[in-house]
Amino acid sequence: RGRTVLVVLAIALAVLAVTLLASLGLGVLQTGEERFDRAGQDVWISGETVELTATGGLENPITDSHRIASDLEQRDDVESASPLAFYAIYVGTEPDDLELVTGVGVPGSQDARTDTGDGFSAGDAHYADGSYDGPMSREIIIDPQTAEALDIGVGDEIHVGTSRETAAEREFEVVGISSTYSSFLGTSTVTMPLSELQELAGTTGSDRATFVTVTTADDADRGAVSDDIQRSYPEYDVRTSDEQFESMLSEYLLVLASGATLVVLALIAGIALTTNTLVLVAVQQREELAALRALGLSRGLIAGVVG
């Protein structure tokens, strides 16, 4: 009975090892794709690289992004187009205690999909058709991790800026908590109207963005729309969502290799542990098996019993 219990535990351990390691490996490979699909965009327009500025910030590659989005929305095969910008910004409840997070700029009309709070109230009024002289809403949406780290919620105010000095001079009101962009980027994020983020970063003159995302019409072919936009904007890279995901994965070959390695190791370890356990059991019962053979049982039947 003791040996039977040990065998059962050993097999359970092998199954558990295969399940956990294989699940972890497949999870590494699938999580990125699920987060990317959650963005809900059909076509992505991007530049070659996101460059570092002299002050250590990020300079997004797409210029005149609002005009590009507006021109794309005039197409019959495009339902909507939205510029997105990412900048490294400082946030905190106290001017001398700030954290560096990823700032995401979105058009004020875009659905922020907040988990808590009403989201932006004034849209992107500051853009003012390109003059950037409209009133700033000074509203911001933060992710749950940032909210927990800063111990704040909807209605509180935080300092925001692209440097510690500028952050001490500006305060934004938290109007929502959302994990949309933190799940997509895999890092702590705060979201605000695009023009206000550009104002903080000093890129209102060039109207810079990281991506211009496009949602195609229901009856449109994403590949055909992507190819047509590429011909219109040869200076940028235009990809469907699947192509953009594959492009991003190519930059993380080590992560992919780790995920695939975990799956392979899980199978090898599980098979090795199971085989070793059963061989040991068979060897320990060789006298009983020899007695069965002496009693006249065929080799095939004994092999079946052992199997």
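In strand 9, V190 is the bridge partner of I142. Welcome to a predicted model, in which local features need pLDDT of at least 70, side-chain atom pairs count only at pLDDT 80 or more, and totals for chains, interfaces and linings use all residues. Residues are numbered from 1 along each chain as its sequence is written, and side-chain values use heavy atoms, with hydrogens and water left out.

Strand 6 (residues 139–142) runs antiparallel to strand 9, and the two pair over 2 bridges. Strand 5 (residues 97–106) also pairs with strand 9, here in the parallel sense and over 5 bridges. In that strand, M192 is the residue that G105 stands opposite. Two strands are said to pair if DSSP finds at least two bridges between them. Helices (H or I, at least four residues) and strands (E, at least two) are DSSP runs, numbered from the N terminus.

How many residues of strand 9 are buried? In strand 9 (residues 189–193), 5 of the 5 residues are buried, so the strand is largely enclosed by the rest of the structure. Here buried means under 20% relative accessible area, exposed means over 50%, and partly exposed lies in between (1.4 Å probe, protein chains only).

## How confident is the model?

The mean pLDDT of the protein is 82, with 85% of its residues at 70 or more; pLDDT is the predictor's confidence in each residue, from 0 to 100. Among the elements, strand 7 (residues 157–161) has the highest mean pLDDT, 93, while strand 2 (residues 51–52) has the lowest, 48. Over residues 52–57 the pLDDT is below 50, and beyond near neighbours in sequence this stretch has 5 contacts in the model. A contact means heavy atoms within 4.5 Å. Where pLDDT is low, the predicted coordinates should not be read in detail.

## The buried side of helix 2

Next, take a look at helix 2 (residues 65–73), where S65, H66, I68, A69 and L72 are buried. These residues cover an arc of only 165 degrees around the axis, which puts them on the same side of helix 2. The arc is that of the directions from the helix axis to the C-beta atoms.

What covers these buried residues? The cover of helix 2 includes strand 1 (43–46), strand 4 (78–94), helix 6 (194–201), strand 10 (211–216) and helix 7 (222–232).

## A cluster of rings

A search of the whole structure finds 3 aromatic pairs. Rings of Phe, Tyr and Trp (its six-membered ring) pair if their centres lie within 6.5 Å; planes under 30 degrees apart count as stacked, over 60 as edge-to-face and the rest as tilted. One of the pairs is W44 with F211, which is edge-to-face, at 5.2 Å centre to centre and 90 degrees between the planes. This pair links distant parts of the chain, with W44 in strand 1 and F211 in strand 10, 167 residues apart. W44 is buried at a relative accessible area of 2%, and F211 is buried at 11%.

The rings of F86 and F211 have their centres 6.0 Å apart and their planes at 75 degrees, so this pair is edge-to-face. F86 lies in strand 4 and F211 in strand 10, so the pair links distant parts of the chain, 125 residues apart. Both F86 and F211 are buried.

## Salt bridges

The count of salt bridges comes to 7, where a salt bridge is a side-chain nitrogen of Lys or Arg within 4 Å of a carboxyl oxygen of Asp or Glu. D71 and R67 are 4 residues apart in helix 2, so about one helical turn separates them. D71 is partly exposed, with a relative accessible area of 33%, and R67 is partly exposed as well, at 40%.

Another salt bridge joins the side chains of D228 and R75 (2.9 Å, N to O). D228 lies in helix 7 and R75 in the loop between helix 2 and strand 4, so the pair ties together parts that are 153 residues apart in sequence. D228 counts as partly exposed, at 27% relative accessibility. The side chains of R239 and D237 also meet in a salt bridge (3.8 Å, N to O). R239 is partly exposed, with a relative accessible area of 21%, and D237 is partly exposed at 26%. Salt bridges that share partners join R75, D77, D228 and R231 into one network.
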